[in-house]
Amino acid sequence: MTPDYPRIEIAGENSSIVYFSDRPCSTTSSIISHTLSNLKTALADQLIDLAPSYTSLLVIYNPLLTDQQQIHKAIRHAIDDGQPDTKIQTGRRIQLPVYYSVESGPDLQSLAQNAGLSIDKVIALHQQTEYLVYAIGFAPGFAYLGEVDPRIAAPRLATPRQKVPTGAVAIADRQTAVYPAQSPGGWNLIGLCPTVMFDPTQQPTTPVRVGDRVCFSAIDREQFLQLGGSATALVDKVR
Amino acid sequence: MSGLKVIQSGVHSLVQDAGRYGFHNIGLTTGGPLDHNSFRWANRLCENGDSAACLEILVGGLVLESQIATQIAITGAEIPLKINDRAVSGWRSHRVLAGDRIKLGYATAGCRAYLSVAGGIKAPLVFGSAATVVREGLGGLHQNGKPLSRGDILPCIPCTTDKNLSLPQHQRPTLDAAITQIRVVLGYQHSSFTQSQTQCFFSSEYSVSENSDRMGYRLSGAAVKPSLKGMLSEGICLGAIQFPADGQPIILLCDRQTIGGYPKIGSVFSLDIAKLAQLMPGRKLRFEAISIEQAHSALKLHEQQFLSTPLDIDAQSQV
């Protein structure tokens, strides 16, 4: 952490946000996770919710039970209290299968072209990195993973799609993600993952947590369907 | 379980309780009533706890048929209400019997009404809450985030009381002011807005745009374009005011995305979100900054008043 951090700012009448660093990394992520779990215990009923992200943690509290001074004090305590040894990697390693193809990844061709790489090289590079789960948000179970090899980083589409299918594996700048459900979206689609990324009837509801590490491994069309991948995601041609 | 049967679902009617909390870490938003003040009064008129599930009715058009004897109340927007073709008033609890028809017209002031029933709507809980979030496909009667539809039954328990409670007229919120004044607590990236940008925001009049919903209210008016670039996505609290590239503010509400990467000047004071929730597209608003200490005192005062305001009691329901 640089001397300017951690920094606590008011976000609203019932929220404060803690900035831990100006740049995301695994050390920052593990400090955020640790602070989050300390705050849960320390604030108990005064706490309404916590939203961790890349380099920050939003703390939402009940202003009828406490005030921002008390909260800021509790946050400082939680940061200092028994921080983990950041050299030890926490989080689990999760492997997610991906059916990479032009059929399942309608932006694969243009991404390869703009990068001056072959499609096979793009697919290989996407599998080469072990990604960190920096944040889950935007939609239930949508995990922001980083960072992709700079050679396959690609800006968001100028016009977002109305409909990105469930399981779409996508790249935006140096981030990658699997869409947990059909939704609009502006990321570049390069494949489909058959793993269910959010199921409210299962425990746990999401296969990944903030701080976990994720690897992708290529599968073919048949394996995709066998693993429960949606044939409609293939038929329902994404434009 | 029997209860209230949906004969006509209306424009957009949702089951809402106080909201879903503690799941931002897996990307779940809160849901819950947009006008929290009217929601609480609706519950109090039926002598329910603060978080009992009610209906949030957008604009109106809802028709229900009761299968049980119970009490109901409607608060929030001014919507003509009839029980068996007899006009009855809002902000008052009414006795209904099995076979009675509860019929709502369309809003004449404000746009969101809250219908409570004694004991609350016994909708199943998903992640601890019955709140309907359409965007997430979560909550509501069928746990799938769908709004009410014809034939649905809102499960309720019968209630024997025939005490009718009402909130005195002068305690009810006023709707449809020519310009609604909205208080803001400065926060987040406010110090990266220039003085003239901040001044521009607080001195301009904005209007509610057509693309406003439970996720966020989009405003149109003077553009404010902070120079901040390349922000990392971060947690968004209720009422956060963000500025996308076009400089038109968006106020993020109960169904907001949990994290996002646009610069924010601060957040709307929660009691004023209730006012905002009643503004239809085209209505005008202005902002004023208050300190967090002022916000907390106002909140505590409001809470005291809410708890100490006596309700009027009368024996028969009437207009």
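Among contacts in chain B between residues at least 6 apart in sequence, what percentage join residues at least 24 apart? The share is 77%, where two residues are in contact if their C-beta atoms, placed from the backbone, lie within 7 Å. The model is predicted: local features need pLDDT of at least 70, side-chain atom pairs count only at pLDDT 80 or more, and totals for chains, interfaces and linings use all residues. Residues are numbered from 1 along each chain as its sequence is written, while chains are lettered from A and ligands numbered from 1 in the order in which they are written.

**Chain B overall**

- Chain B contains 4 helices and 22 strands; helices (H or I, at least four residues) and strands (E, at least two) are DSSP runs, numbered from the N terminus.
- The radius of gyration of chain B is 20 Å, which agrees with the value near 20 Å that a compact globule of 319 residues would have. This radius is taken over C-alpha atoms, and the globule rule is 2.2 Å times the number of residues to the power 0.38.
- The C-alpha trace of chain B spans about 60 × 40 × 30 Å along its principal axes.
- Buried residues make up 52% of the 319 in chain B. A residue is buried if 20 or more other C-beta atoms lie within 10 Å of its own, exposed if 12 or fewer, and partly exposed in between, with C-beta atoms placed from the backbone.

**The five-stranded sheet of chain B**

- An open sheet of 5 strands in chain B has the order β2-β3-β10-β5-β8, with antiparallel pairing; two strands pair if DSSP finds at least two bridges between them.
- At the edges stand β2 and β8 (93–96) of chain B, each with a single partner strand, so one side of each is left without a neighbour in the sheet.
- From one strand to the next, the twist averages 25°; axes are lines fitted to C-alpha atoms, for helices over the stretch in contact, and angles run from 0 to 180 degrees between N-to-C directions.
- Strand β5 (residues 70–78) of chain B is joined to β8(B) by 4 antiparallel bridges, and B:Thr70 stands opposite B:Val96 in β8(B).

**Strand β3 of chain B**

- Strand β3 (residues 54–58) of chain B is largely enclosed by the rest of the structure, because 5 of its 5 residues are buried.
- In a regular strand the side chains alternate between the two faces of the sheet.
- Both faces of β3(B) are covered, with B:Cys54, B:Glu56 and B:Leu58 buried on one side and B:Leu55 and B:Ile57 buried on the other.
- Strand β2 (residues 12–16) of chain B pairs with β3(B) in the antiparallel sense over 5 bridges; B:Gln16 stands opposite B:Cys54.
- Antiparallel pairing of β3(B) with strand β10 (residues 109–117) of chain B involves 4 bridges, and B:Leu55 has B:Leu115 in β10(B) as its bridge partner.

**Contact between chains A and B**

- In this interface, 36 residues of chain A are in contact with 35 residues of chain B.
- On the side of chain A that touches chain B, β1 (7–12), β2 (15–19), β3, β4 (56–61) and β6 (131–136) of chain A each supply at least two residues, and the largest share, 5 residues, comes from β3(A).

**Domains of chain A**

- Chain A is divided into domain 1 (7–80) and domain 2 (93–235), with bounds from an automatic or database domain assignment.
- The C-alpha centres of domain 1 and domain 2 of chain A lie 30 Å apart.
- Between these domains of chain A, 9 residues of domain 1 are in contact with 7 residues of domain 2.
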